[in-house]
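Here is a short note to read alongside the model. Take the points in order, and keep the 3D view open as you go.

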Amino acid sequence: MNLQEMLKTAVADPPPSDIDLDDLTQRVRRRQVSTRWAVGVGGLGLAVTVAVAAAGLTTLDDGARHRPENGATQLVPRPPASADPRQELMAARLTVQLRELGPEFGVPAGTVFAVERGEWGAASDGYWYVARWSSGGVQLAIIVRRALIPQEDGCAKNGPDMSCERTEGADGSVNYVVTEGAGAAPSRQAENYRLDDTAVMVTATGGTAFTVEQLLTLAQLPGWSLVG
Amino acid sequence: MPDDSDFREYVTARLDQLRRTAYLLCGDWHAADDVTSTAIMKLMRHWRRIRELENVDSYARQVLLRTWLDERRRPWRREWATAVLPVRAVAAADRVVDERLAIMGHLAALPARRRAVIVLRFYDDLSVEETAAVLGCSTGTVKSQTSRALDTLRAALVHVPETAEEAAR
């Protein structure tokens, strides 16, 4: 008897199933309803908190326009963002991880994650979270989005002045490191696609201060996960 | 109430196969039902997105596999592999039952990923590429894991006695 036959014999006459599809369906629906309620109540609470805080700030700043805090340069105008309170909460969580980065990445105080509407269609839910700052003359950006792990073995990003390498982590995650342009001002990028459908992209443009290994280490930090 | 008829149709058609795959991974029908139920709930939560995928079966297997791996990581589910597999003499009438116990015992002794590779390739009849896609690893990894798992199984199965007399010798 060969292995295939042995495996088929092992499952030849299963006992009656304990699985009740109706019960499972109802459990999923109940959980979805309770999640919506929790999010709704949480969102309402957040909206009230933001409104109260905004009212307080308006009275303090005499109507002056908001400027970025010291060192936190706004490099590109933000596209329209979502008003979903869950996304604002997620951005706040990612900002906490950003604040924990060491001095090597030179993140200025006041740099935060913002929610933006994805432009490449690359985020499966249409939005991504982004933080941008400048350190040592290099423009850095971290984009965190929901995306499935690419199935193809090669690199999608390839060109005459570009090198790309794809690697697989021991945990099943997939990494890409890309270098574009030569000389003193190349553009370097590291991407980490995770099993929980989170993709993290770290880009350093305009200098050689950061290696792709540094960028990949940054992209692989567990704190960027969009799950939970 | 949302229309879930296509989800029900899909799960009803695949339930038996998913459950049998889960049994070969878990080695226990109750645990297999638990893992399959959890995987079905995960599929249902994201069904609107999943049903647009080209290969829903592959995704469903991936969810089942990850659910099983997650379950194994829970402290109260951790398995303890035994160094020596029980080999006993059996009467010819018990041969089918014995073969079943033997293969399940040998599967249980394999590390999780090698067990998964064997089940996906030799029970679900997946190709190396399809197995790699489900496991989220390279085809080279699948080939090496398959080879090592087969070596282990071959070595173990050689020592399974054919008859009671042979076992007593």
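How many salt bridges does the count come to over all chains? By the rule used here (a side-chain nitrogen of Lys or Arg within 4 Å of a carboxyl oxygen of Asp or Glu), the count over all chains is 16.

1. Before you start. This is a predicted model, in which local features need pLDDT of at least 70 and side-chain atom pairs count only at pLDDT 80 or more, while totals for chains, interfaces and linings use all residues. Residues are numbered from 1 along each chain as its sequence is written, chains are lettered from A and ligands numbered from 1 in the order in which they are written, and side-chain values use heavy atoms, with hydrogens and water left out.

2. The build of chain B. Chain B has nine helices and zero strands; helices are DSSP runs (H or I) of at least four residues and strands (E) of at least two, numbered from the N terminus. Of its 169 residues, 43% count as buried, where buried means under 20% relative accessible area, exposed over 50% and partly exposed in between, with a 1.4 Å probe and protein chains only. Among contacts (heavy atoms within 4.5 Å) in chain B between residues at least 6 apart in sequence, 63% join residues at least 24 apart.

3. The largest core. In soluble globular proteins, nonpolar side chains tend to be buried together. A nonpolar core is a set of buried Ala, Val, Leu, Ile, Met, Phe, Trp, Tyr and Cys residues joined through side-chain atoms within 4.5 Å. The largest one here has 58 residues, and A:L7, B:L24, B:I40, B:W68 and B:I118 touch the most other members. Helix α1 (residues 5–26) of chain B gives this core its largest share, 10 residues. Have a look at B:I118: leaving aside neighbours within four places in sequence, its contacts include A:L3, A:L7, B:L107 and B:Y123. A second, separate core has 29 residues, among them A:A91 and A:Y127.

4. Where the chains meet. Here 32 residues of chain A are in contact with 42 residues of chain B. Between them the two chains bury about 3500 Å², 63% of it on carbon and sulfur atoms; buried area is the accessible area (1.4 Å probe) that two parts lose on being put together, summed over both.

5. Salt bridges between the chains. Chain A and chain B share three salt bridges. A:D197 is buried, at 18% relative accessible area, whereas B:R49 is partly exposed, at 30%.

6. Salt bridges within chain B. Which residue forms a salt bridge with B:R19? The partner is B:D33, with the closest N and O atoms 2.5 Å apart. This pair links helix α1 to helix α2 (residues 29–45), 14 residues apart, and both residues are buried. B:D151 and B:R154 make another salt bridge, at 3.2 Å between the closest N and O atoms. Both lie in helix α8 (residues 139–158), three residues apart, about one turn of the helix. B:D151 is partly exposed at 43% relative accessible area, and B:R154 is partly exposed at 48%.
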